[in-house]
Amino acid sequence: ATGRALGVAAVRSYEQLAVLQVCASLGTTCVYFQDAGAAFRPGSSLCRVDSFADLLRRHPRLLLRVDAHAGARAPPHFAGGFSLERARAVGEALLQRGADMERVSLHGWGKRVAERALWASGCYESRRAEVYFELDGVELPARPAHYEGAGVAERTYLERCRTREDDATEGPRGQPAR
C-alpha cells in the first residue's frame, strides 16, 4: 500500500503516526468471518482485535469505528442482519479485551460496500469488518474509495453497553451527538 492509501498525507502528529504504523504492521485492519453469520474466520482476526484493543488502551483520545459487511452474494433480506451481527461480534470481542466501548462505534453496511468494492464473490474477503481509527479528526487508515456513494450504514450497539446518549441524534462519523 502506498503512503497516501494508508493516510500518511493527513497525519499531523507523532501519535497519529504511531497508530498508523501499528495498522500497517498488521497488514490489514480487517477482521474476517465465516459464511452466513458472525463466527470469526480462523487465523489472525482475533489477533488483530487484540491489537485494536491495545491501541485504545495506549491512546485515550483514540476512537474506533467498525464497518461490517455481508458477502456480495448474501441474500438481500439477510445481508443487513449479517453485517450488524458481525459488527456486534467485533464489539463483543473488543469488550472482552477491556476496550472502552464509549469510544467504539459499530456499523453494518449490508452488502452495499462489498458490491461497490468488487470483492470476489464467494470469497472470504467480502465477509469482513473493516476497522478505522480517528484521532484529532484524522481517520487512520484512510477510508477506501469504495465507500463513496454507498449511502449510510446502520448503527448498532451492544445492549449491555447502550446508554441514553446512544438514542440521541448521531453526530459526524456516526458518533453520538454530545
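## Strand pairing

Let's start with the sheet: β2 and β4 run antiparallel to each other, paired over six bridges (two strands pair if DSSP finds at least two bridges between them). With β3, β2 pairs in the parallel sense, over five bridges, and here L64 has V104 of β3 as its bridge partner. To get from β2 to β3 the chain goes through α4, a β-α-β crossover that is right-handed: with the strands pointing away from the viewer, the path from the first strand over the helix to the second runs clockwise.

Strands here are DSSP runs of E with at least two residues, helices are runs of H or I with at least four, and both are numbered from the N terminus.

## About the model

This is a predicted model, where local features need pLDDT of at least 70, side-chain atom pairs count only at pLDDT 80 or more, and totals for chains, interfaces and linings use all residues. Residues are numbered from 1 along each chain as its sequence is written, and side-chain values use heavy atoms, leaving out hydrogens and water.

## The nonpolar cores

β2 is mostly covered, with five of its six residues buried (under 20% relative accessible area, 1.4 Å probe, protein chains only). The largest nonpolar core holds 32 residues, and F52, L64, V66, V90, L94 and F133 have the most contacts inside it. Such a core is a set of buried Ala, Val, Leu, Ile, Met, Phe, Trp, Tyr and Cys residues joined through side-chain atoms within 4.5 Å. Elements giving it two or more residues include α3 (45-58), β2 (63-68) and α4 (76-96). A second, separate core has six residues, among them Y132 and Y147.

Note on methods: Buried means under 20% relative accessible area, exposed over 50%, partly exposed in between (1.4 Å probe, protein chains only).
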